[in-house]
Number of protein chains: 2
Amino acid sequence: MQIKVVTNVLKANEDMAKANRELLKERGIKVINLISSPGAGKTTILERTVEKLKDEIPMAVIEGDLMTTKDAERIFNHGVPVVQINTRGGCHLDANMVNKALKELPLDNIKLLIIENVGNLVCPSSFDLGEDLKVVVLSVPEGDDKPLKYPTTFKKADLCILNKIDFLPVSNFNLESFYKDVASLNEEMQVFAMSAWKEEGMQEWFDYLRKLVQ
Amino acid sequence: MQIKVVTNVLKANEDMAKANRELLKERGIKVINLISSPGAGKTTILERTVEKLKDEIPMAVIEGDLMTTKDAERIFNHGVPVVQINTRGGCHLDANMVNKALKELPLDNIKLLIIENVGNLVCPSSFDLGEDLKVVVLSVPEGDDKPLKYPTTFKKADLCILNKIDFLPVSNFNLESFYKDVASLNEEMQVFAMSAWKEEGMQEWFDYLRKLVQ
């Protein structure tokens, strides 16, 4: 009984994700699903990205949180369309929530949509939203042991951002172990190391997005 | 249908949590359920706690992770009984997993059991394990905005540890906002500020545990 219901929930999500993907593909919009623990720096990465690229790439943002519109306000201040989804306790976004949010966005005028998922390194990776790419963010203070401890998210991601590298000198994060563990889970995965707060090392990421929407 | 099944899952967990609670209470064992995001420092707090108190308070640890025995190995090295639960993708521990782990521990010889939940600031707070206290750990690099964004966990917790305070000078964490937001969610909650890695500010926590098991 339990398995049957869970299957149905996942199947319903899959169908809606497919519909989202078709809708967005038709309009030539590339979509990123940004996944991390709480506080890894997703919103700061987004703020820097919007600041840098909004005049080159028409973009919009969907913010996912349990509660509050704090993150949407931060993005709104940079002058791009943004919708906040409040899951009210739910531990991840799903394709249906995103479908509803899409109706609030000017889809005819954007080329890039970034969806910031609920801060959670486990659940979001199981729910396709209709994105082109999953990007996982890990921050240095979380520790280099996290890829092996949360392998599903790292296996499913297309790209990894290692954020808060300005903390490297004051932490015991082992870069070598981290790169080795990421490669053991996902041989193809690129890692972009940056400090979004300090605006350091973000060029590769910006170039990646420029190429993505070409 | 879906709601019915979820209710049953939660009800089944509640029943098992009750059984765990009775079993542990009979033996006079106090139980803490330690909850946080990945990388907030739960295992380091545990290592320091075990080092400091194991000769005063007979204790045991249950480690929860999706995969790996990394955390259990860290605790094992300090010479206290430890069991690792691997949820293999599951985003939180449940009372049934804990019940199985209890069978592997020398319950007649301990007074304190600390259960380190899966790193996740959302899901663990909904699943009672049979504990006496929920302790939520937030680390400074995660940011002061987290209590309001993850309110359920902060509302349900009995105690909050603010860890990694050694990062305060190099972060934009606003202590005043943090304390205000925590109090707005949970007026009674005590906050212990510490850096477990640097072994700073842990005295209050140690005294709290000493008093708890009296």
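1. Between chain A and chain B of this predicted model, six residue pairs are in polar contact, both partners being at pLDDT 80 or more. On the side of chain A that touches chain B, the elements giving two or more residues are helix 1 (2-26), helix 3 (70-76) and helix 5 of chain A. The residues of that side divide into 18 nonpolar, ten polar and nine charged.

2. The extent of the contact can be stated in residues and in area. Chain A contributes 37 residues and chain B contributes 37 residues. The size of an interface is often given as the accessible area lost when the parts come together. Here the two chains bury about 3,000 Å² between them, and 67% of that area is on carbon and sulfur atoms. A:Pro38, A:Lys149 and A:Tyr150 supply 18% of the area that chain A buries against chain B, more than any other three residues.

3. On charged pairs: the rule finds four salt bridges across the interface of chain A and chain B. One of the residues named above for its buried area, A:Lys149, has its side chain in a salt bridge with that of B:Asp71, at 2.7 Å from N to O.

4. A:Asp145 deserves a separate entry. This residue lies in the chain A loop between strand 5 (133-139) and helix 5 (146-149). Its relative accessibility is 13%, so A:Asp145 counts as buried, the cut-off being under 20%. The side chain of A:Asp145 makes a polar contact of 2.6 Å with the side chain of A:Lys146. Which residues does A:Asp145 contact, leaving aside its neighbours within four places in sequence? They are B:Lys70, B:Asp71 and B:Arg74. B:Asp71 is also the salt-bridge partner of A:Lys149.

5. On symmetry: two copies of a chain are related by a rotation about an axis and a shift along it. For this pair, chain A is superposed on chain B by a rotation of 180 degrees with 0.0 Å of shift along the axis, and the RMSD is 0.0 Å. The two copies are therefore related as by a two-fold rotation axis. The same surface serves both copies, since 100% of the contact residues of chain A recur in chain B.

6. Away from the points above, B:Ile62 is found in strand 2 (residues 59-65) of chain B. Is B:Ile62 buried or exposed? With a relative accessibility of 0%, B:Ile62 counts as buried. Leaving aside neighbours within four places in sequence, the contacts of B:Ile62 include B:Val83, B:Ile85, B:Val98, B:Ala101 and B:Leu102. B:Leu105, B:Leu113, B:Ile114, B:Ile115 and B:Glu116 are also among them. One of these, B:Leu113, is 51 residues from B:Ile62 in sequence and 7.5 Å from it in space, C-alpha to C-alpha.

7. Two backbone angles should be noted. Most residues other than glycine have a negative phi. A:Thr68, which is not a glycine, has a positive phi of about 75 degrees; A:Thr68 lies in the loop between strand 2 (59-65) and helix 3 of chain A.

8. The second residue is A:Glu199, with a positive phi near 55 degrees. A:Glu199 lies in the loop between strand 7 (190-193) and helix 8 (203-212) of chain A. Its relative accessible area is 54%, so A:Glu199 is exposed, the cut-off for that class being over 50%.

Note on methods
Residues numbered from 1 in each chain as written. Chains lettered and ligands numbered in written order. Predicted model: local features only at pLDDT ≥ 70, side-chain atom pairs only at ≥ 80, totals over all residues. Heavy atoms only, no water. Helix = DSSP H or I, 4+ residues; strand = E, 2+ residues; numbered from the N terminus. Buried < 20%, exposed > 50% of the residue type's maximum accessible area, 1.4 Å probe, protein only. Polar contact = N/O pair within 3.5 Å; in protein donor to acceptor, adjacent residues only side chain to side chain. Contact = heavy atoms within 4.5 Å. Buried area = accessible area lost by both parts, 1.4 Å probe. Nonpolar A, V, L, I, M, F, W, Y, C, P; charged D, E, K, R; others polar. Least-squares fit on C-alpha atoms with pLDDT ≥ 70 in both.
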